[in-house]
Amino acid sequence: MVSALLGVALMLFVFAQAAVTRSSGQSAADAAALAAAQEARDQLFDDFFDAIGEDGDDDPGDILDGDGFENGSACDAAARLADRNNADIAACGRATDGVGFTVAVETRDTVGESLIPGTESQTARAEATAVIAGACALRTNEEDRVELECEDAPDWDFDPGDQNPDEGERPEPRDLFDVHLED
């Protein structure tokens, strides 16, 4: 009877170890996906200011909708965050529905040795998707100023040609784009 209870307790311990490893993998995937989306958001922000400047070829309204970011540096940012969380990137790419990134990771930690054979090399794999949502709309302005109407933030009105704006006069990337994990 005692050995049966001990066996059950050890089995529960193995399941707990597996759950911790899986949770660690999910945390790494979440962090990596958010890092990729934030990197892409920062690129979109820079592209937006290029587009409203004199050399801009892109439509700033399209950029505010999330069009035009690249995968390269975003997936590099995802890999750095996965590495900090003791995981490796298994896949990184644009999200299938929406603007953002889906990242899959595999943990470097294993479940560990136990009564169940094979757990000593068993890692966890997890996936997360982070999306980028435009938070502002570009309003037309007859003067040489940019006006942005934002949902959950203050509206912006500034001169894009001002090379030395006062602090707080121009939006930050987080003001123009919302980054969050997809449910």
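A polar contact is a pair of N or O atoms within 3.5 Å; within protein, one atom must be able to donate a hydrogen and the other to accept it, and residues adjacent in sequence count only if both atoms are side-chain atoms. In this structure, such a contact of 3.0 Å joins the side chains of Asn 71 and Arg 94.

The model is predicted: local features need pLDDT of at least 70, side-chain atom pairs count only at pLDDT 80 or more, and totals for chains, interfaces and linings use all residues. Residues are numbered from 1 along each chain as its sequence is written, and side-chain values use heavy atoms, with hydrogens and water left out.

**Asn 71**

Asn 71 sits in the loop between α2 (60-64) and α3 (72-84). Helices (H or I, at least four residues) and strands (E, at least two) are DSSP runs, numbered from the N terminus. With a relative accessible area of 29%, Asn 71 is partly exposed; buried means under 20% relative accessible area, exposed over 50%, and partly exposed in between (1.4 Å probe, protein chains only). Leaving aside residues up to four places away in sequence, Asn 71 touches Gly 93, Arg 94 and Phe 101, where contact means heavy atoms within 4.5 Å. Asn 71 and Arg 94 are 23 residues apart along the chain, and their C-alpha atoms are separated by 7.1 Å.

**Salt bridges**

Side chains of opposite charge can pair when their charged atoms come close. A salt bridge is a side-chain nitrogen of Lys or Arg within 4 Å of a carboxyl oxygen of Asp or Glu. The whole structure has 6 salt bridges, including those tabulated here.

| Pair | N to O distance |
|---|---|
| Asp 42 and Arg 41 | 3.2 Å |
| Asp 83 and Arg 108 | 2.5 Å |
| Arg 108 and Asp 88 | 3.0 Å |

Asp 83, Asp 88 and Arg 108 are linked in a network of salt bridges. The bridge between Asp 83 and Arg 108 has an N to O distance of 2.5 Å. Asp 83 lies in helix α3 and Arg 108 in the loop between β2 (100-107) and β3 (125-134), so this pair ties together parts 25 residues apart in sequence. Arg 108 is partly exposed at 34% relative accessible area. Asp 88 belongs to strand β1 (residues 87-94), so its pairing with Arg 108 in the β2 to β3 loop ties together parts 20 residues apart in sequence.
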